[in-house]
Amino acid sequence: MIVDLSVPISEETPVYPDDPPVGIKLWAVIDRDGYYMNVLKMGEHTGTHVDAPAHFIPGGKTIDEMPLERFAGEGLLVDVRKGEGEVRLDEIPDEGYFGRIILFLTGGRELSPEVALFLVAEGAKAVGTDAMSIGDDAVHRILLSEEVPVFENLTNLEALVGRSFTFLAFPLKIEGGSGSPVRAVAFLQED
């Protein structure tokens, strides 16, 4: 079974404060032009998206320079909805992170710098969250300086609780991009 983890992109899609709003303009219609097409205007970090190192790290890799292997792999869901404030180390498991894409079901909470440092030290392949932001600037810098991609604005993570899954979320190949919208999905393994 495939679970869609992406929010829809429309002119009503919430954006991070001071980011550009989504604009969708009809460009062509079948009756007049023989085909249908829209023009999209939005920031690279709109909807469900991934941050590349260049988003916070001067000289960091841009989204088109990141290896595709970083955007797919065995996933692990960490449910921390019961806590308050930043997600702390004592709320997450002690092991099981190496080489995996770690997704946090937070209910809108952000990770603490200590959790980000722990995930890097444990060898997480990528990190994602249902929140609009993974954490403050320090959290972004910790993860992105080690080329750990950051997925934000994931949805439907509840469907992954207690399940084994493979995560895939490939970015657009935007030359010089600081990030990209993605279509994030989880392939659930059969029980």
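User: Before we start on this predicted model, which relative accessible area counts as buried?

Analyst: Buried means under 20% relative accessible area, while exposed means over 50%. Anything in between goes down as partly exposed. So the cut-off for buried is under 20%.

User: With that in hand, how many residues of strand 5 are buried?

Analyst: Strand 5 covers residues 72–79 and is mostly covered. Out of its 8 residues, the number that are buried is 6.

User: Which strands pair with strand 5, and in what sense?

Analyst: One partner is strand 6 (residues 101–105), with 5 bridges in the parallel sense. There, valine 78 has phenylalanine 104 as its bridge partner.

User: What does strand 9 do with strand 11, and which residue stands opposite leucine 168?

Analyst: Strand 9 and strand 11 (residues 185–188) run antiparallel and are joined by 4 bridges. Within that pairing, the residue opposite leucine 168 is valine 185.

User: Zooming out, in what order do the strands of the sheet come?

Analyst: The sheet is open, has 9 strands and shows mixed pairing. Its edge strands are strand 1 (2–4) and strand 10 (179–181), each pairing on one side only. From one strand to the next, the twist averages 25°. The order reads 1-11-9-5-6-7-8-4-10.

User: On to the rings: how many aromatic pairs are there, and what is the geometry of phenylalanine 71 with phenylalanine 151?

Analyst: The count comes to 3 aromatic pairs. For phenylalanine 71 and phenylalanine 151, the centres are 6.4 Å apart and the planes sit at 85°. Planes over 60 degrees apart count as edge-to-face, so this pair is edge-to-face.

User: Where do those two phenylalanines sit, and how many residues apart are they?

Analyst: Phenylalanine 71 is in the loop between strand 4 (49–51) and strand 5, whereas phenylalanine 151 is in strand 8 (residues 150–152). Both are buried, and both belong to one aromatic cluster along with Phe167. The pair links distant parts of the chain, with a separation of 80 residues.

User: And what about tyrosine 97 and phenylalanine 118: buried or exposed, and how many residues apart?

Analyst: Their rings make an edge-to-face pair, 5.4 Å centre to centre with 85° between the planes. Both tyrosine 97 and phenylalanine 118 are buried. Tyrosine 97 belongs to the loop between strand 5 and strand 6 and phenylalanine 118 to helix 2 (residues 113–121), so the pair ties together parts whose separation in sequence is 21 residues.

How values were computed
Residues are numbered from 1 along each chain as its sequence is written. This is a predicted model: local features need pLDDT of at least 70, side-chain atom pairs count only at pLDDT 80 or more; totals for chains, interfaces and linings use all residues. Side-chain values use heavy atoms; hydrogens and water are left out. Buried means under 20% relative accessible area, exposed over 50%, partly exposed in between (1.4 Å probe, protein chains only). Two strands pair if DSSP finds at least two bridges between them. Rings of Phe, Tyr and Trp (its six-membered ring) pair if their centres lie within 6.5 Å; planes under 30 degrees apart count as stacked, over 60 as edge-to-face and the rest as tilted. Axes are lines fitted to C-alpha atoms, for helices over the stretch in contact, and angles run from 0 to 180 degrees between N-to-C directions.
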